Amino acid sequence: MTVPAEGAAVGSSVEAVFREERGRLLASLVRRFGDLELAEEVTSEAIEAALTHWPTDGVPRRPGAWLLTTARRRAVDRLRRDRVLATRLAVLQAEAERADHAPPADGDRDLPDDRLALFFTCAHPALAPQDRGALTLRFLAGLTTTEVARAFLVPPATMAQRLVRAKRKIRDARIPFRVPGPDELPGRLPTVLQAVYSVFTEGYAASSGPDLQRIDLAEEAIRLGRILRRLLPAEREVAGLLGLMLLVHARRDARTGPDGAMILLDDQDRGRWDRPMIEEGRGLVVVSLTGRAPGPYGVQAAIAALHDEAADVASTDWPQVVALYDVLLGLVPSPIVALNRAAAVAMRDGPAAGLALLDELADEPRLRGHHPYPAARADLLRRLGRYDEAAAAYRSALTLVGTEPERAYLLSQLRAVTTE
């Protein structure tokens with residue numbers, strides 16, 4: 001039975017279904033056929049078939065099941081034409097026929113949700129780190145190759161080649177399509193979480209371009225975090241990651257002015273922060289910190305919650321923020337964490353104390369191309385009245401900064417200290 005639909009409405013319905021169901025479709029097809037490239041091709045063909053049939057036949061009541069059945073049949077047709085896979089086809093055909101004759105369920109709840117296995121496949125340690133994020137966006141967030149290329153700031157042709165290489169790596173290295181067992185999960189889950197968080201950080205603070213934020217990318221990462229949360233409800237670090245993203249993204253509307261100019265935390269209108277999102281994030285912080293020792297995402301979420309709960313920067317519980325950074329530094333001994341801790345110490349103990357900690361990080365290789373480091377030094381030097389040194393630090397930051405709003409802010413600060 002179908003629901004009548006007009007052509008334009010059908011087009012939007014197909015797009016909505018494709019966006020929401022693509023990850024599930026791909027995961028189900030990869031589980032059945034063991035080939036990510038084949039699964040992607042027949043999924044696209046099923047969407048094309050929907051665009052042909054739904055305008056006249058109507059949108060199925062179970063569109064996800066319709067797409068899965070169509071894609072599965074296209075895959076079987078392809079395998080039938082390949083004699084080398086004749087034996088494999090006999091098994092697959094029997095499975096497909098059993099599935100085709102299975103009794104219908106209410107909605108699409110009979111469709112298996114194999115997305116968790118797809119998460120672990122796309123974020124397998126055998127893949128290059130940049131490829132993990134690209135595969136996650138392509139196959140779980142449902143972004144097109146062009147959209148993924150835009151996310152990673154590379155030409156679409158370059159991203160297409162990268163995705164092809166990554167898919168071949170999965171095939172040639174025989175990376176298993178499965179959820180790791182209980183013994184493996186603690187070691188493998190951080191890679192999945194890092195892939196999702198990398199997408200979010202690019203959305204929160206774009207690495208280059210005309211805009212400070214890329215809201216659509218941040219929201220895709222949050223959507224992926226929600227999927228992971230549903231699939232792994234007992235994993236506290238999943239709750240921590242989702243909570244962290246929500247608490248940070250809640251400030252999105254206050255981070256830029258009408259002209260796109262950057263607004264620092266000190267000057268943001270906190271009335272524009274998304275309070276329901278903050279409350280949801282705070283609840284996830286409680287989940288992430290309850291039980292055994294917390295993980296790094298739970299600790300970062302707790303820091304973000306302290307910022308969101310304060311009426312202004314001055315009333316933020318800076319001693320608690322520093323204490324949490326101490327915990328985080330023990331979990332993740334990173335110069336980036338040390339940089340953030342130094343900024344918090346400056347708020348607690350004054351700019352001289354923070355500057356001393358920053359100077360200890362001067363030889364860290366990971367900070368040499370990281371513009372927040374010279375920008376943080378410049379700010380503390382300015383607050384100490386050391387304007388010539390501040391100007392030099394601002395100029396250093398300007399050679400590294402990527403986005404136009406950040407560049408404009410640093411230039412305004414440079415002008416301010418050079419006129420003192």
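This report walks through a helix crossing, some aromatic pairs and one arginine in a predicted model.

## Ground rules

The model is predicted, so local features need pLDDT of at least 70 and side-chain atom pairs count only at pLDDT 80 or more, while totals for chains, interfaces and linings use all residues. Residues are numbered from 1 along each chain as its sequence is written, and side-chain values use heavy atoms, with hydrogens and water left out.

## Two helices crossing

Let's start with helix 6 (residues 129-139) and helix 9 (residues 185-204), which pack at about 75 degrees with their axes 9 Å apart. That makes helix 6 roughly perpendicular to helix 9. A few terms: helices are DSSP runs (H or I, at least four residues), numbered from the N terminus. Axes are lines fitted to C-alpha atoms, for helices over the stretch in contact, and angles run from 0 to 180 degrees between N-to-C directions. Roughly perpendicular covers 65 to 115 degrees.

Who does the touching? Helix 6 brings R132, G133, T136 and L137, and helix 9 brings T191, A195 and V199 (contact means heavy atoms within 4.5 Å). Sorted by type, these residues are three nonpolar, three polar and one charged. Here Ala, Val, Leu, Ile, Met, Phe, Trp, Tyr, Cys and Pro count as nonpolar, Asp, Glu, Lys and Arg as charged, and the others, Gly among them, as polar.

## Aromatic pairs

How many aromatic pairs does the structure hold? There are four. Rings of Phe, Tyr and Trp (its six-membered ring) pair if their centres lie within 6.5 Å; planes under 30 degrees apart count as stacked, over 60 as edge-to-face and the rest as tilted. W54 and W66 have ring centres 5.4 Å apart and planes at 70 degrees, so they are edge-to-face. W54 sits in helix 2 (residues 36-57) and W66 in helix 3 (residues 63-80), 12 residues apart. W54 is buried at 1% relative accessibility, whereas W66 is partly exposed at 24%. Buried means under 20% relative accessible area, exposed over 50%, and partly exposed in between (1.4 Å probe, protein chains only).

Y197 and Y297 are edge-to-face too, because their ring centres are 5.5 Å apart and their planes stand at 80 degrees. Y197 lies in helix 9 and Y297 in helix 13 (residues 296-309), so the pair ties together parts 100 residues apart in sequence. Ring pairs link Y197, F200, Y204 and Y297 into a cluster.

## A buried arginine

R341 is in helix 15 (residues 335-349). Is R341 buried or exposed? Buried, at 18% relative accessible area. Its side chain joins that of D326 through a polar contact of 2.4 Å. Such a contact is a pair of N or O atoms within 3.5 Å; within protein, one must be able to donate a hydrogen and the other to accept it, and residues adjacent in sequence count only if both atoms are side-chain atoms.

Note on methods. Angles under 35 degrees count as roughly parallel, over 145 as roughly antiparallel, 65 to 115 as roughly perpendicular and the rest as oblique.
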